[in-house]
Amino acid sequence: VIADGTWLHAQVTIGADCVLGQGCIVHSGAVIGSDGFGYARDGARWEKTPQLGRVVVGDDVEIGANTTIDRGALDDTVIERGVKLDNLIHIAHNVHIGEDSAMAACVGIAGSTRIGKRCTLAGQVGVAGHIEITDDVHITAATKVTHTIREPGTYSSGSPLETYSSWLKNAVRMRQLDEMARRLKKLEQKLTALAEGRNVEE
């Protein structure tokens with residue numbers, strides 16, 4: 001179903017049973033209603049699981065070039081009214097995106113994630129599956145979202161750009177963090193024992 005006033009640019013693909021609301025714009029190469037990445041392991045083999053849901057797109061939604069939105073496995077994938085999606089975004093099966101949220105290029109959202117209203121996701125944000133993001137959350141570029149966000153606000157992750165030589169040194173230190181933390185804890189215990197006049201070997 002494609003409602004009044006919706007504009008499909010060249011080479012857009014709309015899968016069976018999908019629904020687009022009024023006044024939408026879908027840019028070239030977008031695919032709406034492709035199968036979700038659904039498989040079950042049968043011994044050493046992967047067996048494809050049927051993707052029986054739809055994609056339901058609300059009114060006044062814009063979908064960028066070469067963006068893909070997978071149909072739901074059982075329930076529908078839902079893009080609510082006023083959502084704006086940039087180019088080269090992937091939205092997996094059973095995702096639900098709330099009204100007036102916006103996402104920049106190269107965002108990837110894994111299956112069964114729910115994103116609230118008025119959220120913004122900057123470029124290259126990756127969102128894990130089966131989590132929830134509440135309303136009015138803003139996520140900065142290249143952030144990895146791996147757990148549910150229950151409080152509105154701005155969130156970030158990742159390391160800023162640095163020289164390669166500096167990055168190599170810091171990468172080595174990262175691997176040593178657990179060992180250094182254990183050594184620091186032992187030193188703190190010894191200092192506490194000395195301050196209390198106890199034998200440091202106790």
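A salt bridge is a side-chain nitrogen of Lys or Arg within 4 Å of a carboxyl oxygen of Asp or Glu. By this criterion, the whole structure holds nine salt bridges. The structure is a predicted model, in which local features need pLDDT of at least 70, side-chain atom pairs count only at pLDDT 80 or more, and totals for chains, interfaces and linings use all residues. Residues are numbered from 1 along each chain as its sequence is written, and side-chain values use heavy atoms, with hydrogens and water left out.

Strands (E, at least two residues) are DSSP runs, numbered from the N terminus. Lysine 84 is partly exposed, at 32% relative accessible area. Partly exposed lies between buried (under 20% relative accessible area) and exposed (over 50%), with a 1.4 Å probe and protein chains only.

A salt bridge also joins aspartate 100 and arginine 81, with the closest N and O atoms 2.6 Å apart. Aspartate 100 lies in the loop between β14 (96–97) and β15 (102–103), and arginine 81 in the loop between β11 (77–79) and β12, so the pair ties together parts 19 residues apart in sequence.

Aspartate 136 forms a salt bridge with arginine 118, at 2.8 Å between the closest N and O atoms. The two are 18 residues apart. Arginine 118 is partly exposed, at 39% relative accessibility.

Notes:
Helices (H or I, at least four residues) and strands (E, at least two) are DSSP runs, numbered from the N terminus.
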